[in-house]
Amino acid sequence: MAKELAGLDKEKLKKYWAENIKLTAIIMFIWFVVTYVAIFFSPELNNIVIYGFPFGYYMGAQGSLIIFVILIFWYAFAMNKKDKEYGVEEEE
Amino acid sequence: MAKTSGIGGTAFLDNLAKIYGIYTGGFIFFVIALGIAEAWFGMTPIMIGYVYMGITIGLYAVIGISSRTAKISEYYVAGRSVPAFFNGMATGSDWMSAASFIGMAGTIFGLGYDGLAYIMGWTGGYVLLAVFLGPYLRKFGQFTIPDFLGARYGGHAARSIGILAAIIASFTYLIAQVTGVGIIMSRFLNLDFSVGVFVGLGGILVCSMLGGMKAVTWTQVAQYIILILAYLVPPTVMSYKVTGVPVSEIMYGQILQKIDAKEKVINADPKEVEVMGLWKKQADDLDADIKGLPGSLAAKKTALQEKLAALPATATVAEKEAIDKAIKALPATPEIAKEKWSDAKKAALGKSKPIKPYLQPFARLDAKNMLALTFCLMVGTAGLPHILMRYYTVPSVKDARVSCGWSLFFIFLLYFTAPAYAAFARNEVLSNIIGLPIAQLPQWMANWGKVGLVAFKDINADGILQFYELTIGADAIVLAMPEIAGLPYVISGLVAAGGLAAALSTADGLLLTISNALSHDLYYKMIDPQASITRRLTVSRILLVVTALISAWVATYKLTIIVELVAWAFSIAAASFFPALVMGIWDKRANKAGALVGMWVGFLSCMIYMIGSRFYGLDIWGIRTISSGLFGIPLGFITIYVVSRMTEAPSQELQDFVESVRIPRGAAKGQED
C-alpha cells in the first residue's frame, strides 16, 4: 500500500503536512469568523446598512457563502501547487 | 487511448461542454415552445404537466439506459472519469433535495434572519469537506465510505458500523425524497399519491439500475441544469416587475427595507391589534380548558350532546351532522386533549403578539440555538455518505479539491437566491395581500388553498384580511411564486419539473449509497469475497430495486415523523461518521478500539439527547432536539482520541497507510476491468 512513500524524503513529507495543517488552520479560522462570529455579532452588524442590506443579515444570506466558495478554490489551488513543490503530485 | 463512443466514452468526455450546452439550449427552446402552445393554442395546465413530466423523465431515462455498464469501476465510481466541473454539478443536484428546492425559501419566509442557519449550515459544511475529507478519500480511492473505515481501522467491525450508519442516515432521507416525488406527481398530474410514488419510482430506477454511478452522475448533471433554471426564473421575473432590475439577489436589499417598514405599520394598525387580542383570548380559553382537564373535556362533550338532543324536530340533517362531527372531532382521551390543546395554545399565543421583525436576529431562535444548529448542519453535511462518495468519481486528487469548489459554487447559486425568493414573497404578502377585502383576494390563494398550503379566516369579521388571519405553508412560497408573479402556467410547470429533478437526483444518490453498502461492503467484502463481477453487479441491481420498493412502500404511509427524522439523520451522520473519518486521516495514532468506541459513543449520545429532549423533557442549556449533534460530535472526537491513546498504537503498516493517504502521489486511476 505504501509503495508511493518509497523514495520520498521523510523530512520533506513532514514539512508538506505541516504546511497543509497551517493552510487548513487559516481556512478554518476564516470559516469560523465569517459564520459563528458573524452570527454572534449580527445584532450589532445590522446597524450597518449597505444598499438596503443590513450587514449582519447580508453575511448570513450571501457574504459567508461567497467566502466559503473562495476559501475552497483557494485551498485547491494552493495545495495543487504545493504538491508539485514537494514532489508528491500524482503521476499523469 | 482509442476513441470510444457512447456515454462515458472518450468522445463523450471530450465534448461534455458541447453536449450539455446543446441540452440546455434544447430545454430552453422546449419551454418556450410550450409557452407558445399555452398562449396561442390553449394548451391546458394538466396537458402541460404531462408533457413536462414525460419529457424530463424520458430524458433521464435515455441517459440512464445508454449509460448501462458491465464494468465494476463504472458501476461504483463512474470509471473515475468525471471532470471536476461536472462532478460539481452532479454533487449539486445530489445534495439539493426536494426540501432545499421547495422548502428552503419558505423556511426563511417564516423564520426571517434565524432561517439563515440553514443557508450557512448547508453550504459551510463543504469547507469542512474540502479541507478535511474529500481529497483524502479520493486518494484512498476505493468504492464506498465503509470501505475507508474498513481499511483504516482494520477488520469487519468498523466496516459494519459504517454500513449501519450509512443505511440509517440515507434511508430516512430517501423516504423523504420519494414522498416529495409523490407529492409533485400527484399535484401536477392529478394522480393518486401512491400512483405518483410508483411512477416516480420508475423514474428513479431507470436512472440508476443499469448504469450505477455512471448513469446517476450523467443524469444528475442533466437534472441540475433543469432544477437551477426552474429555480432562478420566478424570482428574476419578480425582481424585474417590482424593482425594474432582473437580478433578485442584488435588488432584494431594498425589499428588505420595505418589509421592515411594513411590519411596523401592521403592528400599529388597530384592526391588527384587535385580531391579536382575539388570539390572546383563544389562548387563555385553551389554557383554562387544559387546566380543567379531564372535566373540561367531558363538559364539552356533554354540552354538544345536549345541543344535539335539544335540536327541534325541524332541524335539517346537515345541522345534526355538523354537531355529530364536532363531537367526533373532540380528543378521545384527556392525554390527547392536553397535547392537542397545548399545541393550539402555543400557536395562538404566537399570533397574539406583534410580528417579530424579519431582519432581527434571534427573534425566533435564540443565539445559542442558532449557533448550534448551524454547526450541526455543517458537520452533518460533511458526513453524509452519498455526498462523500461523489469524490471517488473524479480522475485525481487535484480534481477532487477543485471539484469541492465547483460543488459549492453550484449549490451556492440556489442558496444565495433563496433569501431573495423569500423576501420578494414576504413583501408581496405584506404589501399587496394583507389589508385586502376577503372578497378580492387573488386567484392563487384559492388555488393553493385547495391543497391546504394557504389558509385564511376572517377572525374579527371585518371583511378585511389581517396578518394573523392568514397562514401560508412553507412549501407554498416556491410553488406559488410563478402565479404570484403573474407568470403563465408553463413556468409553474417548469418549477414542478425542477422540484421533481431535485427529488429524483437526490433519491438516486441515496439509493445507490444504500445498495452499494449492502452489495459491496456487506455481500462482497464480508460474505463472499470470491464473487464474480457479473454476480456482484447482479446482486447490486437486485438490492437497488428491493431498496427502492421498500422506500416507496414506506412512503405511501405518509408518516409525519419522516420530516423530523431527516433532520435527525444529519446529526446522526455528524456524530457517528464525521469524527471517525476525520481522525482516520488526521490522527495517525487513532486505532480500531478508539474508532469503534468513538462511533458508538457519538451515535448513542446523539440518540439519547434526541429521544430524551423530544419525548422526555431532557434539556441541556436549552439546546433543541434538531441540534443534538452538538453533544455527539465533540464526544465522538474526544472518545476516539482518548481510547486510542489508552490502547495499542496502530501497526506500522497502517501508519504508512495514513501517510500515503495524505499525499496525492500514487492515486488510483480509473481501472479497465
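Of the 673 residues of chain B, 52% count as buried in this predicted model. Chain B holds 29 helices and 2 strands. Its C-alpha atoms fill a box of roughly 85 × 65 × 50 Å along the principal axes.

Chain A has 3 helices and 2 strands. From the N terminus, the order of its elements is α-α-β-β-α. The C-alpha trace of chain A spans about 60 × 25 × 20 Å along its principal axes. Its radius of gyration is 19 Å, whereas a compact globule of 92 residues would have one near 12 Å. Buried residues account for 37% of the 92 residues in chain A. Among contacts in chain A with a separation of 6 or more, 54% come from residues 24 or more positions apart.

The two chains meet through 43 residues of chain B and 41 residues of chain A. Five helices of chain B each supply at least two residues to the side that touches chain A: H7 (116–140), H12 (248–268), H17 (367–383), H19 (397–415) and H29 (652–662). H19(B) gives the most, with 10 residues. By class, this side of chain B comprises 27 nonpolar, 10 polar and 6 charged residues.

The axes of helix H3 (residues 55–85) of chain A and H7(B) come within 10 Å and cross at roughly 10 degrees. That angle is under 35 degrees, so H3(A) is roughly parallel to H7(B). On the H3(A) side, the contact is made by A:Gly60, A:Ala61, A:Ser64, A:Leu65, A:Phe68, A:Leu71, A:Ile72 and A:Tyr75. H7(B) contributes B:Leu116, B:Ile119, B:Met120, B:Thr123, B:Gly124, B:Tyr126, B:Val127, B:Ala130 and B:Val131. By class, the contact has 13 nonpolar, 4 polar and no charged residues.

A:Ile72 also stands out in the nonpolar packing. The largest nonpolar core has 232 residues, and those with the most contacts inside it are A:Ile72 and B:Ile477. Helix H23 (residues 489–527) of chain B gives the most to this core, with 20 residues. Leaving aside residues up to four places away in sequence, A:Ile72 touches B:Tyr126, B:Val127, B:Ala130, B:Cys404, B:Gly405 and B:Leu408.

Within chain B, helix H8 (residues 145–153) is largely enclosed by the rest of the structure, because 8 of its 9 residues are buried. The buried residues of H8(B) are B:Ile145, B:Pro146, B:Asp147, B:Phe148, B:Leu149, B:Gly150, B:Arg152 and B:Tyr153. They pack against six helices of chain B: H7, H9 (155–189), H18 (385–388), H23, H26 (578–586) and H27 (592–615). After H8(B) comes B:Gly154, with a positive phi near 65 degrees.

Note on methods
Residues are numbered from 1 along each chain as its sequence is written. Chains are lettered from A and ligands numbered from 1 in the order in which they are written. This is a predicted model: local features need pLDDT of at least 70, side-chain atom pairs count only at pLDDT 80 or more; totals for chains, interfaces and linings use all residues. Two residues are in contact if their C-beta atoms, placed from the backbone, lie within 7 Å. Helices (H or I, at least four residues) and strands (E, at least two) are DSSP runs, numbered from the N terminus. Ala, Val, Leu, Ile, Met, Phe, Trp, Tyr, Cys and Pro count as nonpolar, Asp, Glu, Lys and Arg as charged, and the others, Gly among them, as polar. The radius of gyration is taken over C-alpha atoms; the globule rule is 2.2 Å times the number of residues to the power 0.38. A residue is buried if 20 or more other C-beta atoms lie within 10 Å of its own, exposed if 12 or fewer, and partly exposed in between; C-beta atoms are placed from the backbone. A nonpolar core is a set of buried Ala, Val, Leu, Ile, Met, Phe, Trp, Tyr and Cys residues joined through C-beta atoms within 7 Å. Axes are lines fitted to C-alpha atoms, for helices over the stretch in contact, and angles run from 0 to 180 degrees between N-to-C directions. Angles under 35 degrees count as roughly parallel, over 145 as roughly antiparallel, 65 to 115 as roughly perpendicular and the rest as oblique.
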